[in-house]
Each structure stands twice: as C-alpha cells, then as structure tokens.
Amino acid sequence: MARSALLNVMVQAAVKAGKSLTRDFGEVQNLQVSVKGPGDFVSQADFKAEKIVHDELMKARPTYGFLGEEGGEEKGTDGAHRWIVDPLDGTTNFLHGIPQFATSIALERNGEIVAGVIFNPATDELFTAEKGGGAFLNDRRLRVAARRVLSDCVIGCGVPHLGRGNHGKFLVELRHVMGEVAGVRRMGAAALDLAYVAAGRLDGFWEAELHPWDMAAGLILIKEAGGFASDMKGGQNMFETKTVVAGNELIQKALLEVSNRPVPSR
Ligand code: IPD
Ligand code: CA
Ligand code: CA
C-alpha cells in the first residue's frame, strides 16, 4: 500500500503522539490508587499529545489551518486546507486505565475530508484512509461488514452522561435499536467506533453530540471502506448537527429509521 506524502505526515504525527500517550497511560495506571486520582495528569497528557501532533503537522504544512480539541481553531493562510485533530479520543477510558483510546487526525480540503488517520497505541492499530485510495488497518485493506439485516448486527453507540447530552432522547433511541439487533456496544471512543465500522467489527454506529474532531477521520475511513454515513436526519450535515449514523448501505438506512422512531405510547 503506497501512502501519499501527506498521509505519511499524518501517520508520523499520530505515532509520535501515541508514544507520548503510551508512556502517560502507564503512569495513569499507577495513579489510580492515589487519593487525588489521575485527572490533572490526564489533562496534561492530552495537551502534550495535541502539541506533538500540532508541531509535526504544522512543520510539514505551515500554511494549513488547524482545529484541535484542546487548542481550538487556528486559521491558516492557505484557505483551502485544515487539519482536524483529537489528540486523545476516549479520555474517560484513558483516565480509568482502559486501553480503548486513540489519536485522530483528518485533513479537510475545501470543506471535504480527504484523508484520515486513527491510531490506538495500546493495541498498535493504525487505521488510515485517503480519498479514492481505500481504507486500511495497518497494511490490511478494510471493508465494512456485509450483514443485511439488523437482527444479525452488533451496533455501537455513545451514551450521554452526567452533564452531557439529551438523556431522554437517547433512551428512546436505545429502546428502539436494542429491540432489533443482536447486540449494542458502548466502547467510549467515537473515533475508534467509526474505525471499527470501517473494519467490519461493528455493523453500525450512531451517536449525538459529537464534534468534528471525533468524527472527521472516521467518516473518510467508512466511506473508503465502502460504507455510508449521514446525520441523524439522513442529511450530510454531520458536523453542524453533531450527529452521525453509519454502517453499510442497508444497515445505515435501517439504523437511521429505527433510531428516529417516535416515543412509544407506552
Ligand atoms: C468522547 C468520546 C466518547 C463520546 C463522546 C466524546 P473525548 O471524546 O469519543 O466516545 O461518546 O461524545 O466527547 O472527550 O474522549 O475526546
Ligand atoms: Ca473525542
Ligand atoms: Ca479528546
């Protein structure tokens, strides 16, 4: 698999950030037993990872814009390109010593995502995709799962929590989805959830209240793996509506319909 120079830059940045996160993840496991807990330490780890990604990407393409979860938006002199970065997706997992977290990097060109990298340093799984070039897990070409009916499917989701999201609306969605599928999973890192859809591990995924940095790289992975994604209204405004529903062509449609069913009368 030949990667473009730009994708190589993104991979290098993600792997370098991953090294830093791996060191800090080891320390987090020691800090679990301290009274103060690892909270502040994890924020530091997160900022450090973003700085590494930022410096690597900006060194390679100094004119591009940069949107990072921690540092916010930096306008580039080049109006066409923007990096979209979540240095640590799955912070709560990381904080609790659960090895399901990743660095997510996407490249947007004139409003379209053209490349994406998602790297989980704990499992050494590197997901990459470029427009027109396919999606890969390390060197293996990815394809979304081929299941055709929801009753065979394992579906991922995000669950709102204290102070976040619309709990009542999510419970209605879950009530409908769980009654139709073989299993529901909440794994805690949206970027990896989307990468898992691309890899055919999850048949589908839906979540509300996501930010562009949670989704951008995952969306191109799914597209390049032959999958489909929309917002929760069926449109393509995932960033604006902060929602996503994904799967293969049939499962994406079915999941969209089921998750939009109205509140049951009893
Ligand atoms: C979170 C994770 C989680 C999702 C949340 C995100 P963070 O990102 O992706 O799975 O449910 O909505 O905010 O805070 O760990 O970068
Ligand atoms: Ca995130
Ligand atoms: Ca994050």
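This is a predicted model: local features need pLDDT of at least 70, side-chain atom pairs count only at pLDDT 80 or more; totals for chains, interfaces and linings use all residues.
Next, colour domain 1 (5-141) and domain 2 (150-259) separately. Both domains give residues to the shell around ligand 1, so the ligand lies between them.

Now select the shell itself, which has 14 residues. Those that come nearest to ligand 1 are Asp-89, Gly-90, Thr-91, Ala-190 and Glu-207. Colouring the shell by class shows seven charged, four nonpolar and three polar residues. Then highlight strand 3 (residues 81-89), which gives the most to this shell, with three residues.

Turn next to the polar contacts made by oxygen atoms of ligand 1. Select Arg-186, where a polar side-chain atom lies 3.0 Å from an oxygen atom of the ligand. Proceed to Gly-188, whose backbone places a polar atom 3.2 Å from a ligand oxygen atom. At Ala-190, a polar backbone atom is 2.9 Å from an oxygen atom of ligand 1.

Finally, show the surface of the protein around ligand 1: on its own the ligand has 370 Å² of accessible area, and the protein covers 88% of it.

Conventions: Residues are numbered from 1 along each chain as its sequence is written. Chains are lettered from A and ligands numbered from 1 in the order in which they are written. Side-chain values use heavy atoms; hydrogens and water are left out. A residue is near a molecule or strand if one of its heavy atoms lies within 4 Å of it. A polar contact is a pair of N or O atoms within 3.5 Å; within protein, one must be able to donate a hydrogen and the other to accept it, and residues adjacent in sequence count only if both atoms are side-chain atoms. Accessible areas come from the Shrake-Rupley method with a 1.4 Å probe; for residues, only the protein chains shown count as cover. Helices (H or I, at least four residues) and strands (E, at least two) are DSSP runs, numbered from the N terminus. Ala, Val, Leu, Ile, Met, Phe, Trp, Tyr, Cys and Pro count as nonpolar, Asp, Glu, Lys and Arg as charged, and the others, Gly among them, as polar. Domain bounds come from an automatic or database domain assignment.
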